[in-house]
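Dear colleague,

Please open it first, and then read the notes below beside it.

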Amino acid sequence: MVRADEVGERQQEQVSALVFHVGRELRTALDRRLTSHGLTSQQAALLLLSRLLREPNPIRMAARLGTDTAGMTRLVDRLESKGLVFRKTSPGDRRSIVIALGPKSRHLLPRLIPAFRQVESGLLDGFDAREVRELNGMLRRLLKNARRLNR
């Protein structure tokens, strides 16, 4: 295993710059595909995540969506104003809230998944299954390291 101090400074800069650029390009590609639905990639991700989680608590969802609590509040406010979500008291803890999908989101959700799949497929074009597994492992380690930097 290579330690960070053994990797050249230029290589470290390239990795962080590339990860940043890949993230930006992914968001742009998703945003373009979701414009017709009146959503950003982050808003669509919140809707999909709300559907997947048993208790979609906004505080716990914030990190997964790449935002803080203030950003999460604005994000939920925007979706709530569109009638796509609403806040309700958590059945497990009456002091907190969870995000519930609104009636308008039920027709929209099935149309969001193909946009995410199309972008992921395009991103991984030319990679074989072994390379995808290796990339996933490396990206998980990078994410773990990045989260440790923020403690």
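A word on terms first: helices (H or I, at least four residues) and strands (E, at least two) are DSSP runs, and they are numbered from the N terminus. With that in mind, you can find Pro91 in the loop between β1 and β2 (97–101).

Please keep in mind that this is a predicted model, in which local features need pLDDT of at least 70 and side-chain atom pairs count only at pLDDT 80 or more, while totals for chains, interfaces and linings use all residues. Residues are numbered from 1 along each chain as its sequence is written, and side-chain values use heavy atoms, with hydrogens and water left out.

The whole protein

The secondary structure comes to six helices and two strands, and along the sequence these elements follow the pattern α-α-α-α-β-β-α-α. The C-alpha trace spans about 50 × 35 × 25 Å along its principal axes. Of the 151 residues in the protein, 26% are buried, where buried means under 20% relative accessible area, exposed means over 50%, and partly exposed lies in between (1.4 Å probe, protein chains only). The protein exposes about 11000 Å², and carbon and sulfur atoms supply 54% of that area; accessible areas come from the Shrake-Rupley method with a 1.4 Å probe, and for residues only the protein chains shown count as cover. Among the contacts with a separation of 6 or more, 50% are accounted for by residues 24 or more positions apart, a contact being heavy atoms within 4.5 Å.

Two packed helices are described by the angle between their axes and the distance between the axes. The axes here are lines fitted to C-alpha atoms, for helices over the stretch in contact, and angles run from 0 to 180 degrees between N-to-C directions.

Helix α2 (residues 41–52) packs with helix α5 (residues 103–123) at an angle of about 115°, their axes being 10 Å apart. The two helices α2 and α5 are therefore roughly perpendicular to each other; for these words, angles under 35 degrees count as roughly parallel, over 145 as roughly antiparallel, 65 to 115 as roughly perpendicular and the rest as oblique. On the α2 side, the contact is made by Ser41, Ala44, Ala45, Leu47, Leu48 and Arg51, and on the α5 side by Ser105, Leu108, Leu109, Leu112, Ile113 and Phe116. These residues divide into nine nonpolar, two polar and one charged, where Ala, Val, Leu, Ile, Met, Phe, Trp, Tyr, Cys and Pro count as nonpolar, Asp, Glu, Lys and Arg as charged, and the others, Gly among them, as polar.

Helix α2 also meets helix α4 (residues 69–81), and the axes of α2 and α4 come within 10 Å and cross at roughly 80°, so that α2 and α4 are roughly perpendicular to each other. In this contact Gln42, Gln43, Leu46 and Leu47 of α2 meet Met72, Leu75, Val76, Arg78 and Leu79 of α4, and the residues of the contact divide into six nonpolar, two polar and one charged.

Single residues to look up

Where does Thr67 sit? Thr67 has its place in the loop between α3 (58–64) and α4, and Thr67 is partly exposed, with a relative accessible area of 22%. Leaving aside neighbours within four places in sequence, Thr67 is in contact with Gln42, Ala62 and Met72; the C-alpha atoms of Thr67 and Gln42, 25 residues apart along the chain, are separated by 9.2 Å.

In strand β1 (residues 85–89) you will find Lys88, which counts as partly exposed at 40% relative accessibility. Apart from neighbours within four places in sequence, Lys88 is in contact with Ser96, Ile97, Val98 and Ala100.

Is Pro91 buried or exposed? At 69% relative accessibility, Pro91 counts as exposed, and Pro91 and Asp125, 34 residues apart in sequence, are 43 Å apart in space, C-alpha to C-alpha.
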